[in-house]
Amino acid sequence: MTKPNPVPPRAVDVLVCGGGVAGTMAAVAAARQGATVMLVERYGFLGGNATGGAVAQFNSWQTEAGRRVVAGLADEVVQRLRTYEAAGEHQVFVMSTGHRMDRVEYAPEVLKLVLDDMVTGAGVQPMLHASVCDVVCEDGRIRAVRMLTRSGVVNVHPRVVIDTSGDIDVLHRAGARFLSLDEGDALQPATMMFRFGPIDFERFDAITTAEMKVLATEGYASGDLARAALHASRDPYSTDGWFNISRLGIDATDAQALSQGEIEGRRQAWKAAAYLRRAVPGCEGGRLRAFATQVGIRETRRVEGEHVLTAQELTQPVAFDDAIACGAYPIDIHPASGGELLYASMGDDHAYQIPYRSLIPKGVTNALVAGRGISATHAALAAIRVMTISMAVGQAAGTAAALACEGEGALDVRGVDAARLREVLKAGGALVDA
Ligand SMILES: Cc1cc2nc3c(=O)[nH]c(=O)nc-3n(C[C@H](O)[C@H](O)[C@H](O)COP(=O)(O)OP(=O)(O)OC[C@H]3O[C@@H](n4cnc5c(N)ncnc54)[C@H](O)[C@@H]3O)c2cc1C
């Protein structure tokens with residue numbers, strides 16, 4: 001005999017699936033705009049790659065010339081981190097590729113607290129330890145999302161779904177269409193971030209870009225490093241650094257490949273930490289102190305939307321009437337096999353726009369996508385996937401979903417007036433014109 005479901009079904013205006021930075025910003029934006037919102041996350045904390053993946057630096061707020069292109073809720077995150085003394089100053093630095101980059105380093109553990117504060121403050125209903133496991137979709141409309149929670153299976157009936165699960169699980173289950181890789185391309189690799197310390201940063205920071213390149217190349221040639229880079233961000237609370245060195249050429253939607261990737265990632269990180277101790281000035285007294293909770297995923301599924309954003313539209317750049325976010329991060333492709341980054345700098349004061357239509361999956365009326373699964377080619381995603389831009393796009397998706405819910409009855413997210421959406425976003429501090 002089957003047991004009755006112990007949890008009654010629920011109805012909400014907006015259901016956000018996946019509590020990474022894109023999903024959390026989407027949920028907060030929708031709730032602040034007056035919608036009832038539930039945010040579903042499979043872990044017990046929010047942040048995705050930004051916390052569980054320990055990425056630890058928000059990159060590219062501005063053009064190389066210093067013009068701001070991302071603000072809004074993303075800015076609020078940094079301000080709130082600073083009240084916990086958990087984010088560094090805005091810094092500009094030169095990468096091993098010679099490209100000028102800006103970033104804010106932060107403590108991933110404290111970001112969990114900041115995202116909690118924002119979500120609870122906005123009145124979002126968080127549903128943690130809950131994994132989306134099924135979707136009921138009829139005639140292109142998502143009627144119900146089923147999730148496995150600690151109280152059993154819960155059915156939620158949303159008016160709009162925002163898929164921010166990174167792997168775009170909800171739309172995958174709903175039968176939406178996805179973009180394939182261009183011929184010759186591979187998915188960007190995953191990376192197991194690790195924490196290493198203590199580091200004598202006076203000596204570590206004194207290593208010149210050229211010297212660092214030699215150390216990285218030697219470590220890669222000897223097989224100690226899976227990637228020819230010694231890229232680190234500093235933990236604001238300690239003399240530790242988070243290192244981004246491992247390389248895992250996996251499809252993270254394949255359960256077996258992901259399992260092997262987690263194991264191989266820890267092995268690569270351990271080897272890299274031994275190399276840091278042995279060869280890198282300032283690291284002699286350090287140890288590997290922690291692995292990220294999960295391997296960090298750069299790319300899996302990209303949905304096919306009403307507009308597919310291309311690299312050419314970023315590099316030209318193209319001005320969109322329905323632009324809802326901007327960015328200036330370069331096209332940054334990590335070769336899955338290791339080696340140096342493929343970096344296409346945008347040039348001095350260059351910025352680009354992201355159109356609302358790239359958030360709308362083809363063939364589904366009541367869903368939006370934000371974060372690393374939006375409708376973009378492999379090369380375009382290589383630029384717009386960073387957390388600053390993911391947060392800006394999340395804010396736009398949440399705002400659009402709430403606006404879509406203002407009307408009565410069956411809705412279509414295509415009916416949201418892009419001009420009004422842009423005005424509401426601007427009023428919320430977002431930058432929408434490149
Ligand atoms: C190693 C690495 C280094 C990077 N370096 C930088 C950097 O230096 N600076 C920068 O700005 N960006 C960087 N990025 C890019 C950036 O971190 C990501 O692109 C960004 O965090 C994506 O955010 P997201 O919210 O779209 O996805 P994710 O962070 O992947 O979040 C998805 C969320 O959905 C949840 N979820 C998934 N499936 C389900 C389900 N079925 N049910 C419920 N919940 C689910 C996950 O647990 C997760 O919390 C890096 C990425 C990686 C992997």
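Salt bridges come to a count of 29 in this predicted model. The stops below visit some of them.

**Stop 1: D75 and R68.** Select D75 and R68 and display their side chains. The two form a salt bridge, with 3.3 Å between the closest N and O atoms. D75 is partly exposed, at 22% relative accessibility. R68 is partly exposed as well, with a relative accessible area of 36%.

**Stop 2: R301 and D169.** Next, select R301 together with D169. Their side chains meet in a salt bridge, 3.3 Å from N to O. What does this pair tie together? R301 sits in the loop between β13 (287-291) and α8 (311-315), while D169 belongs to helix α4 (residues 169-173), so the contact links parts that are 132 residues apart in sequence. R301 counts as buried because its relative accessibility is 16%, under the 20% limit. D169, at 29%, is partly exposed.

**Stop 3: E304 and K362.** Stay in the loop between β13 and α8, where E304 lies. Its salt-bridge partner is K362, and the closest N and O atoms are 3.4 Å apart. K362 is in the loop between β17 (352-355) and β18 (367-369), so this pair ties together parts 58 residues apart in sequence. Is E304 buried or exposed? E304 counts as buried, at 18% relative accessibility. K362 is partly exposed, at 29%.

**Stop 4: a network.** Finally, select R195, D235, D240 and R289. Salt bridges with shared partners join these residues into one network.

Terms used: Residues numbered from 1 in each chain as written. Predicted model: local features only at pLDDT ≥ 70, side-chain atom pairs only at ≥ 80, totals over all residues. Heavy atoms only, no water. Salt bridge = Lys/Arg side-chain N within 4 Å of Asp/Glu carboxyl O. Buried < 20%, exposed > 50% of the residue type's maximum accessible area, 1.4 Å probe, protein only. Helix = DSSP H or I, 4+ residues; strand = E, 2+ residues; numbered from the N terminus.
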